[in-house]
Amino acid sequence: MPPTEKHFVTSRNRVGQDYVELHRWIDDPVNKNERHDFTRIWEFGPTIRDRFGEEGVSEYIEHLREDMENKFAKLLGEPSAELLQALRYFGIRPNRAPEIKESDLNLLRRAGMAAADIAHSLKVAEKALELAKRTKQPLDLELVARGALFHDLGKARTHAMEHGMIGAEMGRELGLPPEITAIMEKHIRGGLSSQEAAELGLPIKDYTLHRLEERIVIYADRLTDIITEGLVALASEAEAEQRFEEILRDMVKYGKNRPTTERYFNYHREIQGLMAL
Ligand SMILES: [Fe+2]
Ligand SMILES: [Fe+2]
């Protein structure tokens, strides 16, 4: 498919419209160089807003981002972790895992999740896939990616503890498979026992994480908070894994309470053990 037409498809997946005219305007052979220069977004932005609305401006920026991702993906081959981190800092994700689908991100947007919560979900999905691949176990990577992407869907309605339960209901309404809604429902505090659920006023059932895919998502969720929230000074993402137990022991925000900390320790030890094999 020619590059301009690819942009029609990604716009359609993202916002439900092709923005044919906009993408043809950006890729116009005579002017494409200046229209891809991000220092000139301010210059073209107002005209684009007048013609295509604010969504048009946002699709313009997405167009530039997609082009950067494709160019970097071609040029870099297998980039180092540091380089990937640097590119991600600017919102550029070359070689995005095929398991992370634009249509799923779109479901999160349409459900009304805040941009920060979507960014968190995306980061958890990337981290979970990275961990899953490092374990070299025969895992269902689609379940890892989608379970991670959707785990906080309930935050579209509430950030309270019930976001697990509410998210699972929303997921069922969207027709997500039960193994994904299970992750959404069970991710609170890393998988509660029925007794803890009763104490917290949640529906009384066993929220134990039976599948390795589920435990990887929950471990990635905790690591992502530690990595992205800036409360712990870290030189690298790897340091969050190395100091995981110390961080959870020292910081109630991450360790919560004794049974929760113990569960996270178990996931950490199990997954690190597999990765060390
Ligand atoms: Fe959550
Ligand atoms: Fe989360």
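## Close-up views of a predicted model

View 1. Contact here has a simple cut-off (C-beta atoms, placed from the backbone, within 7 Å). Helices are DSSP runs of H or I with at least four residues, and strands are runs of E with at least two, numbered from the N terminus. The axes of α7 and α12 are 8 Å apart, at an angle of about 120 degrees. Axes are lines fitted to C-alpha atoms, for helices over the stretch in contact, and angles run from 0 to 180 degrees between N-to-C directions. The two helices are therefore oblique to each other; under 35 degrees would count as roughly parallel, over 145 as roughly antiparallel, and 65 to 115 as roughly perpendicular, with the rest oblique. Their crossing is right-handed, a term for a near helix turned clockwise from the far one by less than a right angle (anticlockwise is left-handed).

A note on reading the views: residues are numbered from 1 along each chain as its sequence is written, while chains are lettered from A and ligands numbered from 1 in the order written. As the model is predicted, local features need pLDDT of at least 70 and side-chain atom pairs count only at pLDDT 80 or more, whereas totals for chains, interfaces and linings use all residues.

**View 2. Tyr 219 sits in helix α12, residues 212-228.** Tyr 219 is buried, with 25 other C-beta atoms within 10 Å. The cut-offs are 20 or more such atoms for buried, 12 or fewer for exposed, and partly exposed in between, with C-beta atoms placed from the backbone. Apart from neighbours within four places in sequence, Tyr 219 touches Leu 131, Tyr 267, His 268 and Ile 271. Of the 17 residues in α12, 13 are buried. Just after α12 comes Gly 230, with a positive phi of about 75 degrees.

**View 3. Helix α4, residues 41-76, spans only 26 Å between its end C-alpha atoms.** A straight helix of 36 residues would span 52 Å. At Phe 52, α4 bends by about 130 degrees, the angle between axes fitted to the seven residues ending there and the seven starting there. Ile 48, Gly 56, Glu 59, Tyr 60 and His 63 of α4 are buried, and their cover includes α1 and α2. Gly 77 follows α4 and has a positive phi, near 65 degrees.

**View 4. Helices α8 and α10 cross at roughly 45 degrees.** The axes of α8 (residues 141-150) and α10 (residues 178-186) come within 9 Å. Leu 143, Arg 146, Gly 147 and Phe 150 of α8 make the contact with Glu 179, Ile 180, Ile 183 and Met 184 of α10. This pair is oblique too, and α8 passes α10 in a right-handed crossing.

View 5. Most residues other than glycine have a negative phi.

Note on methods: Expected span 1.5 Å × (residues − 1). Contact = placed C-beta atoms within 7 Å.
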